[in-house]
Amino acid sequence: MPTDDCSKRQASCQLLVQRLIAQYGWTLLSAEALVEQTLHSLPANPTLVTLQKSVIDCYTIELYAACHQSIDPVRREQGYRELYRILLGSARKWRPDQAVTAEERAQRALELVFEQIERCQSSTTFLAFALYKLRQAFTEADRAMVESATSLDEATEHGELARQATAAWQAVEIQREHHEIIQAALATLADERTKQVIVLKFLEGWSDQEIGRQLAITENHVRVLRNRGLAQLRKQQQLIDSAESYDSGVKNLAGRASL
């Protein structure tokens, strides 16, 4: 691979790693180590989406290795502390009005991960495995509240909590389904740079200036590619139909495509 391409790939990886570490507070790997591991695992000619997936996969593998081993107890404790922080962040998003509940559910999920870590089929799916255990912790608690109700009023109140939990998980499933719709729609964009502009603008929330700097193009060129991509996405009726029930970033994209 030409030196210029290698340098550009490394610069893109460094920028993305710095953004993800700042966003999620990762501590198990330094930015330099994570960049190095990611670059070694990348396929030929990776897209920005592929690059982000590779960074997350590399960090997930490191997190799994820290939690799964027993040789270095300090490292294992660090791994589980990191995992608890991730689970707590997710629990707070799912139940933003119940801080104590979120802490309890995250702790229960951590216990389930510790007890059942051998069931995790792949190190790259460790985070998904842990989030599933968080879902299980919420389900267990909601079921227990309903079963322990001793009066009609209590049963009504706890039953409502259970229904809210069910609705929340249904929303997660809907979001996953619509994510697949978005990916299918983006796959119809033949130009890779146009696709990157659309993803960074509407799904990642980058500014035109940030996108231009990342892709080494002018802001005017960013706007041209964005408008071209949106024009093509207007032909994707399934994407337009998903606008009403998807998350804000994709709703923004679907809404723009429907204009």
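These legends go with close-up views of a few residues in a predicted model. Residues are numbered from 1 along each chain as its sequence is written, and side-chain values use heavy atoms, without hydrogens and water. Local features need pLDDT of at least 70, side-chain atom pairs count only at pLDDT 80 or more, and totals for chains, interfaces and linings use all residues.

**View 1. Trp-26 and Tyr-59 form a stacked pair.** The whole structure holds four aromatic pairs; rings of Phe, Tyr and Trp (its six-membered ring) pair if their centres lie within 6.5 Å, and planes under 30 degrees apart count as stacked, over 60 as edge-to-face and the rest as tilted. Here the centres are 4.2 Å apart and the planes are at 10 degrees, so the pair is stacked. Trp-26 sits in the loop between helix H1 (3-24) and helix H2 (31-41), while Tyr-59 lies in helix H3 (residues 48-68), 33 residues apart. Helices here are DSSP runs (H or I, at least four residues), numbered from the N terminus. Ring pairs also bring Tyr-24 into a cluster with Trp-26 and Tyr-59.

**View 2. Tyr-64 and Phe-126 meet edge-to-face.** Their ring centres are 5.3 Å apart, with planes at 70 degrees. Tyr-64 belongs to helix H3 and Phe-126 to helix H6 (residues 126-147), 62 residues apart. Phe-126 is buried, at 0% relative accessible area; buried means under 20%, exposed over 50%, and partly exposed in between (1.4 Å probe, protein chains only).

**View 3. Ser-90 is a buried residue of helix H4.** This helix covers residues 73-94, and Ser-90 has 17% relative accessibility. Leaving aside neighbours within four places in sequence, Ser-90 is in contact (heavy atoms within 4.5 Å) with Leu-131 and Leu-134.

Note on methods. Helices (H or I, at least four residues) and strands (E, at least two) are DSSP runs, numbered from the N terminus.
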